Amino acid sequence: MTSVKEQVIADSLQYWNTGKTQEWQDLGINFVMGKREGYYFWDLDGQRLMDVHINGGTFSLGHRNPEIMEALIKGLEEYDIGNHHFPSPQKAALAKELVKVSAGLTHAIFGAAGAEAVDLALKTARCATGRRKIVSVQNCYHGHTGLAVAAGAERYAKIFLAERGEDENVKVPFNDIGAMERELSKGDAACVIMETIPATYGFPLPQDGYLPAIKKLCEKYGALYIADEVQTGLMRSGQMWCVSTYGVAPDIIVTSKGFGGGIYPISAVIMNDRAAKWLTIDGSAHMSTFGGTELGCIVARKVLEILQRQETINNVHFVAEYLRAGLEKIKRENPDTFIEIRQNGLIMGLKFAGAKGAIPVMQRLYRKHGVWAIYSMLDNSVLQFKPGLLCTKEYCDELLERLGAGIKEAREDILRS
Ligand SMILES: Cc1ncc(COP(=O)(O)O)c(C=O)c1O
């Protein structure tokens with residue numbers, strides 16, 4: 001007899017995303033999401049997994065965080081998505097709070113998802129500068145809508161014929177300030193869009209002075225600096241915005257993922273006065289029915305409240321340091337396979353030997369050790385390792401033990417990859 005889980009996989013292959021479902025089957029990850037709670041989730045067949053992917057930060061505060069659920073349930077007694085044409089107390093309060101936590105920025109406009117907000121940020125920069133060209137980094141990732149996908153890695157744009165010509169989009173290598181200056185000095189760029197640490201590209205860390213130098217070049221050549229903080233923001237670095245840890249005050253910040261607490265989709269573009277030009281020229285030039293829903297705003301305000309608690313910030317620092325110490329030990333025990341720890345707070349990538357070394361680690365952790373951590377799509381040697389902000393010491397101990405065992409067992413496969 002076919003189990004419920006087998007039927008879901010069969011239906012997904014037939015009616016949902018054939019390629020994606022098959023890809024997971026081919027990798028031996030026959031997972032179907034069932035119950036979820038805190039930093040764990042369960043397969044439909046009952047297998048428990050520790051979640052250290054947390055969907056790129058979406059579940060930074062845990063799955064079904066009780067405080068966030070309570071805020072949403074209470075909100076439902078009185079509100080719905082609201083009316084995107086009119087001001088509302090929820091929208092105004094959330095915009096005010098975002099401006100408060102983002103030094104130098106003055107306005108916030110909302111969307112439903114990260115890529116939608118990235119598109120809006122890029123349009124905002126074009127309006128403010130009167131220029132078309134968008135400069136981004138090779139192998140960066142900003143989502144899959146029109147301008148966002150064109151700014152990102154070719155893999156996701158080409159298939160939909162969404163790449164743009166050099167007059168609209170230019171990509172330079174990460175950590176290459178000379179290449180950036182060569183582009184910006186042409187004086188025709190509307191903006192530079194930067195993931196503060198490119199997650200999908202395996203968390204290469206910005207070299208000392210790289211991001212501040214880009215900001216200086218932007219100022220010199222009249223372009224805006226857009227910080228895509230969709231993965232890196234919201235206290236994952238120990239500060240609200242990761243870009244601040246590098247001393248950069250961007251013109252625009254984009255946030256999403258964890259902003260909705262994993263409960264209600266919402267994103268935001270936070271901008272300074274210079275960027276905010278279109279808001280006074282024609283405030284109806286951009287609209288989104290589900291952008292800044294009242295329920296989403298209620299949820300996001302609760303998220304910001306939790307993030308700013310001293311106990312949350314202290315825990316981020318504790319978990320970051322505690323895991324680092326444990327990871328260093330595992331690395332020492334596996335010197336030929338586990339070759340680098342990339343880290344800023346709870347933003348972490350673990351680099352393995354071989355071009356695809358993170359894939360066997362992911363498989364081993366999933367099949368045998370009940371840990372879910374995914375390889376980086378644009379650098380398969382790096383395992384995305386993204387623990388939640390509220391993890392306990394006990395959770396970290398269990399995670400380190402399972403990770404250490406998985407890495408050791410995957411040795412031969414890592415070296416062959
Ligand atoms: C850095 C970054 N920007 C933008 C996005 C797009 O967000 P969404 O999937 O909500 O459209 C993502 C998604 O993973 C991301 O990692």
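Which hand does the crossing of H13 and H15 have, right or left?

## H13 against H15

The crossing of H13 and H15 is right-handed. A crossing is right-handed if the near helix is turned clockwise from the far one by less than a right angle, and left-handed if anticlockwise. This is a predicted model, where local features need pLDDT of at least 70, side-chain atom pairs count only at pLDDT 80 or more, and totals for chains, interfaces and linings use all residues. Residues are numbered from 1 along each chain as its sequence is written, and side-chain values use heavy atoms, without hydrogens or water.

H13 spans residues 310–333 and H15 spans residues 393–409. Helices (H or I, at least four residues) and strands (E, at least two) are DSSP runs, numbered from the N terminus. The two axes lie 10 Å apart, at an angle of about 20°. Axes are lines fitted to C-alpha atoms, for helices over the stretch in contact, with angles from 0 to 180 degrees between N-to-C directions. H13 is therefore roughly parallel to H15 (angles under 35 degrees count as such).

On the H13 side, the contact (heavy atoms within 4.5 Å) includes Phe318, Tyr322 and Ile330. H15 brings residues including Leu399, Leu403 and Lys408. By class, the contact divides into 11 nonpolar, 2 polar and 4 charged residues. Ala, Val, Leu, Ile, Met, Phe, Trp, Tyr, Cys and Pro count as nonpolar, Asp, Glu, Lys and Arg as charged, and the others, Gly among them, as polar.

## H12 and its two partners

H12 covers residues 294–308. Its axis and that of H5 come within 9 Å and cross at roughly 30°. That makes H5 roughly parallel to H12. The crossing is left-handed. Among the H5 residues in contact are Lys91, Leu94 and Glu97; H12 answers with residues including Ile298, Arg301 and Leu304. This contact has 7 nonpolar, 2 polar and 5 charged residues.

H12 also packs on H13, with axes 4 Å apart and an angle of about 65°. Ile306, Leu307 and Gln308 of H12 meet Gln310, Thr312 and Ile313 of H13. Here the classes are 3 nonpolar, 3 polar and no charged residues.

## The second largest pocket

The second largest pocket holds about 490 Å³ of space. On a 1 Å grid over the protein atoms alone, a pocket is an open set of points with protein on both sides within 12 Å along at least five of seven lines; a cavity is a set where a 1.4 Å probe fits but cannot get out; lining residues have an atom within 4 Å of a point. Points are joined across faces, edges and corners, and a volume is the space filled by probe spheres set on them.

Of its 20 lining residues, His84, Lys91, Ile109, Gly283 and His286 are the closest to the centre. H5 (89–100), S4 (107–111) and H11 (277–281) each supply at least two lining residues. The lining has 10 nonpolar, 9 polar and 1 charged residues.

## The cavity

The whole structure has 1 cavity of 30 Å³ or more. The largest cavity has a volume of about 80 Å³. Gly57, Ser60, Gly233, Leu234 and Gly258 are the closest to its centre, out of 14 lining residues.

Terms used
Parallel < 35°, antiparallel > 145°, perpendicular 65-115°, else oblique.
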